[in-house]
Amino acid sequence: MNACVWCGRRLSGVVTVSQLWRWGPLVKTDVCQDCQTRLTPISSQHCPQCGRQQTDETVCHDCQRWAGQPLVNHALYVYDAAMKAYMQQYKFQGDYALRRVLQEPLRLALARESYDILVPIPVDQATWQQRGFNQVTGWLQTQPFQQALLVQATHKDQPQSAKDRAARLRTQQPFTLALNAADILRDQRVLLLDDVYTTGRTLRHAAEQIYLGGAKAVTSLTLAR
Amino acid sequence: MTNDEAFFGRQLPFQTAPAPDLTATPALKAMGSRLQCQRCGHWLGPQDQLANQAWYCRQCLQLGRLTSQHKLYTIPEPNQLPKLPDGGLTWQGELSAQQQVAAQSVLAHVQSQTNHLLWAVTGAGKTEIVYPALVWALSQGWRVAWTSPRVDVCLELAPRLQAAFANVAQTVLYGDQPQPYQYCPLTICTTHQLLRFQAAFDLIVVDEVDAFPLATSPMLKRAVDHAQKPTGCHLLLTATPGEGLQRRVARKELAVTYVPLRYHGHLLPQIDLQIAWRWREKLRHGHLPVRLIRQLRAYCQAGQRFLLFVPHVADLPLVDRALHLAGITGGVTVHAADEARQEKVQAMRDRRVAFLVTTTILERGVTFPNVAVVILGGDDPVFSTAALVQIAGRVGRSAQFPTGDVTCYCHSYARRVRLARGMIARLNLQGRRQGGRP
Ligand SMILES: [Zn+2]
Ligand SMILES: [Zn+2]
Ligand SMILES: [Zn+2]
């Protein structure tokens, strides 16, 4: 494969000086230079609670309105037109190969997080059947993770994006704990992993269950905010 | 529409059979050790697999993902179509003598079911030239597709054909179009949409066959062949055939009808070449070639409206600023992703602006009466030979103003510019033989 997995153009295969300088093993990339810069990384100026890109580092309006227990989320990229186009092709058209675009950035981001157990947000059975993959675990390579959460079917029948904010916030708890979850989670620091942080409702539902399972701390990481 | 009709000559994917008695083939077929998509012909790579172990085709993803769990269902085309005595034609117009000669030739090739190229210069009225052949085909109860790689061509064509053939049921198919599919004698669609058909059409008219992306896409070429019945034929329409098509014509593999004259009987304007040494470096420093400035100033003073083509969107602000500095004002810039594109083009039509500075988006379709055309950087690779001939064809479209200037500024005499001038010269040679006026 010497074509960019996203845009399909041929990869030049040129080794840059900085790659040689680092003297590490050459990372085989599937993504061209243009596509690597298509997404907008979130800078250090973001909301300390939800990770949203903004012009300062104060708690954002949405997080201030949130009454319940706070959940600290980190996010990699701004949920802009390019990220929406990526998600459209990856999640909704089901182009599983596009997982490779974000595997490497996610690997680097996970290395910066401190946690004991990684728990990806699951997809329900119907989605799994139809999509053929879980978009979140697709981004993981060799990182160990625990499928500690189960999700009731019909949860994502109506896509989150089709609901307004109020409807999303009203959503009932969709998650339950897997059978062995309590053994795995007890006194652990858990990192939840999801694709997009929109209202944070899904992640808070998940965090609630993880705490019930005995975890001592829960934080989350999303690819987009 | 009965349920069966939805499957006539189509290939529709389902994971479970939608009805009994349908012919089905696996969507991805094992050929030796590899899988081939039966819709688009793509050979799957070793990594094109989902987490649930199913394989999927990445190439035709936009039409809905095909996996190894799908089958394609079809009913062989039965031609359950009316045989309209007059082909359903309601068009009242008349063909010129020259158009009639070409129309007869096209008709003869369609009647003998042979593939054919109609090479008609821009402004020849190629759509109308096809009408007699279309009338005949529809009167035989043939199923016909009129397709173009470009959705804007389809959208412009559909109402024209609807008006000209008011008694013929038509269905229009393109990417995100709202109407549901209907089984009709005449299907107007983007070439992508032909991937949903299998041995359906007796005649496929391929409009703007040289346009992107058909010219460079084996998938779309296959789509035309695949949607055509084994007994069927296709008619290719273009003003500017690519080198591949020209070679097939030269080798007599493909029959051709030339229409070297525009409908008003005048020759194509030749491209006047002006060498502008290192124009790009100069533009970077905010300067335009002196001769170009002089020419555009003269146009402005004479009230001559013009189109100035530049290679890239990024060149537009630079050129705009340089024109301003030179005191050439009253125009606007426009490009493909410009949100005000339609309004700006309309403003030019309404004579509210004196000129447009644009990229290659206006090379086809858009016509303004009495404009001059200037190309800055015609040697840039974005200007293919076809694009240059199409751009030159923006001049002299109306019978009232059948002539005009086309000037091309280049750093060097690039091959594509030479080929474009050669193509115009050859067409004009033939045009002169048919009595064309300069
Ligand atoms: Zn790329
Ligand atoms: Zn926040
Ligand atoms: Zn395919």
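Is Glu243(B) buried, exposed or partly exposed? With a relative accessible area of 43%, Glu243(B) is partly exposed. The model is a predicted one, and the points below should be read accordingly.

1. Glu243(B) takes part in a salt bridge with Arg415(B), in which the closest N and O atoms are 3.4 Å apart. Arg415(B) belongs to helix α11 (residues 415–433) of chain B and Glu243(B) to helix α5 (residues 243–250) of chain B, so the pair ties together parts that are 172 residues apart in sequence. Arg415(B) is likewise partly exposed, at 47% relative accessibility.

2. A further salt bridge in chain B joins the side chains of Glu253(B) and Arg251(B), at 3.5 Å from N to O. Glu253(B) counts as partly exposed, with 49% relative accessibility.

3. In chain A, Asp195(A) and Lys91(A) form a salt bridge whose closest N and O atoms lie 2.9 Å apart. Asp195(A) is in strand β5 (residues 189–196) of chain A, and Lys91(A) is in helix α4 (residues 81–92) of chain A, so the bridge ties together parts that are 104 residues apart in sequence. Asp195(A) is buried at 3% relative accessibility, and Lys91(A) is buried at 14%.

4. Arg52(A), Asp62(A) and Arg65(A) are linked in a network of salt bridges. Over all chains, a search of the whole structure finds 20 salt bridges.

5. Cys40(B) and Cys57(B) are 17 residues apart, and both lie in the loop between β4 (34–37) and β5 (71–74) of chain B. Cys40(B) is buried, with a relative accessible area of 1%, and Cys57(B) is buried at 0%.

6. Chain B contains eleven helices and 18 strands. Its radius of gyration is 24 Å, close to the 22 Å that the globule rule gives for 438 residues, so chain B is as compact as a globular protein of that length. The C-alpha trace of chain B spans about 75 × 55 × 40 Å along its principal axes.

7. Of the 438 residues in chain B, 55% are buried. The accessible surface of chain B is about 19,100 Å², and carbon and sulfur atoms account for 52% of that surface.

Conventions: Residues are numbered from 1 along each chain as its sequence is written. Chains are lettered from A and ligands numbered from 1 in the order in which they are written. This is a predicted model: local features need pLDDT of at least 70, side-chain atom pairs count only at pLDDT 80 or more; totals for chains, interfaces and linings use all residues. Side-chain values use heavy atoms; hydrogens and water are left out. Helices (H or I, at least four residues) and strands (E, at least two) are DSSP runs, numbered from the N terminus. Buried means under 20% relative accessible area, exposed over 50%, partly exposed in between (1.4 Å probe, protein chains only). The radius of gyration is taken over C-alpha atoms; the globule rule is 2.2 Å times the number of residues to the power 0.38. Accessible areas come from the Shrake-Rupley method with a 1.4 Å probe; for residues, only the protein chains shown count as cover. A salt bridge is a side-chain nitrogen of Lys or Arg within 4 Å of a carboxyl oxygen of Asp or Glu.
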